[in-house]
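Please read them alongside the sequence and the structure shown here.

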Amino acid sequence: LEEIDIREAVRASIRNLQPVVDQKGLTLTVDIAGEPLAVLSDAETIRLVADNLLDNAAKYTPKGGTIRLRLQRQNGEVVLEVQDDGIGIGTKYLSRIFERFYRVDKARSRELGGTGLGLSIVKNSAIAMGGSVSVVSEPGVGSTFRVCLPVAETANTGSAVAE
């Protein structure tokens with residue numbers, strides 16, 4: 001792992017998702033901090049996390065819906081948040097959605113594609129970077145996935161990047 005500014009990796013994921021957003025008639029709003037957001041990672045891992053969260057949001061948000069991505073520094077952490085107004089996830093499923101191969105709705109998952117690995121990859125990647133992932137969801141209202149990563153120590157000063 002190395003100290004990187006994750007903003008460009010997240011922007012690459014957004015660019016990759018844009019054709020799907022356009023095809024489904026979705027609205028994608030993006031709020032990325034103007035200042036560098038340094039974490040210990042690599043660009044490929046950050047893209048993988050953002051790709052999986054954005055891809056799920058696009059898959060499970062109906063035509064005309066909205067996806068919001070926020071990437072900010074909050075309380076000493078770098079926070080990537082992907083929110084949608086899609087189908088949502090029932091409370092009884094929330095404790096299992098980060099398990100490998102787990103699918104809430106197997107029929108719908110097969111129809112939309114995917115392996116059931118995306119959220120497991122997100123969780124394991126976040127943990128490997130010293131962070132965490134959480135979700136808040138309500139059926140018929142949508143979901144908000146939040147990945148929190150520690151701010152990287154700067155190589156020059158040995159202190160945390162300024163808030």
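What share of the contacts in the chain with a separation of 6 or more comes from residues 24 or more positions apart? Such residues account for 68% of those contacts, where contact means heavy atoms within 4.5 Å.

1. Basis of the note. This is a predicted model, in which local features need pLDDT of at least 70 and side-chain atom pairs count only at pLDDT 80 or more, whereas totals for chains, interfaces and linings use all residues. Residues are numbered from 1 along each chain as its sequence is written, and side-chain values use heavy atoms, with hydrogens and water left out.

2. Overall composition. The chain has five helices and seven strands; helices (H or I, at least four residues) and strands (E, at least two) are DSSP runs, numbered from the N terminus. From the N terminus on, the order of elements is β-α-β-β-α-β-β-α-α-α-β-β. Of the 163 residues, 45% count as buried. Here buried means under 20% relative accessible area, exposed over 50%, and partly exposed in between (1.4 Å probe, protein chains only).

3. The sheet. Five strands form an open sheet in the order E2-E4-E5-E7-E6, with mixed pairing; two strands pair if DSSP finds at least two bridges between them. The edge strands are E2 (27–32) and E6, each of which pairs on one side only. On average, neighbouring strands of this sheet are turned by 10° against each other, direction ignored. Helix H2 packs on the sheet and touches E2, E4 (66–74), E5 and E7, its direction making about 20° with that of E5. Axes are lines fitted to C-alpha atoms, for helices over the stretch in contact, and angles run from 0 to 180 degrees between N-to-C directions.

4. Strand E7 and its partners. Seven of the nine residues of E7 are buried, so this strand is largely enclosed by the rest of the structure. Strand E5 (residues 77–84) is joined to E7 by eight bridges, and the two run antiparallel; within this pair, Asp84 stands opposite Ser143. E6 and E7 are also antiparallel and are joined by seven bridges. Val135 stands opposite Phe145 in E7, and Val136 stands opposite Thr144. In a regular strand the side chains alternate between the two faces of the sheet. Three residues lie between E6 and E7 in their hairpin, and Gly140 in the turn has a positive phi of about 80°.

5. Helices H1 and H2. Which elements of geometry matter for such a pair? Two packed helices are described by the angle between their axes and the distance between the axes. Helix H1 (residues 7–24) packs against H2 at an angle of about 20°, with the axes 8 Å apart. H1 and H2 are therefore roughly parallel to each other; angles under 35 degrees count as roughly parallel, over 145 as roughly antiparallel, 65 to 115 as roughly perpendicular and the rest as oblique. Their crossing is right-handed, a crossing being left-handed if the near helix is turned anticlockwise from the far one by less than a right angle, and right-handed if clockwise. The residues of this contact divide into 11 nonpolar, two polar and five charged. In that count Ala, Val, Leu, Ile, Met, Phe, Trp, Tyr, Cys and Pro are nonpolar, Asp, Glu, Lys and Arg are charged, and the others, Gly among them, are polar.

6. Helices H2 and H5. These two pack at an angle of about 140°, with their axes 9 Å apart, which makes H2 oblique to H5. The crossing of H2 and H5 is left-handed. The contact is made by Thr45, Leu48, Val49, Asn52, Leu53 and Asn56 of H2 and Gly118, Leu119, Ile121, Val122 and Ser125 of H5. The residues of the H2 contact with H5 comprise six nonpolar, five polar and no charged.

7. Asn52. This residue is found in H2 (residues 43–59). Is Asn52 buried or exposed? Asn52 is buried, with a relative accessible area of 16%. Leaving aside neighbours within four places in sequence, Asn52 is in contact with Gly118, Ile121 and Val122.

8. Helix H5 and its end. The buried residues of H5 (residues 118–128) are Gly118, Leu119, Ser120, Val122, Ser125 and Ala126. Their cover includes H2, E6 (132–138) and E7 (142–150). By contrast, Ala128 in H5 is exposed, with a relative accessible area of 56%. Ala128 and Thr45 are 83 residues apart in sequence and 9.9 Å apart in space, C-alpha to C-alpha. H5 is followed by Gly130, whose phi is positive, near 80°.
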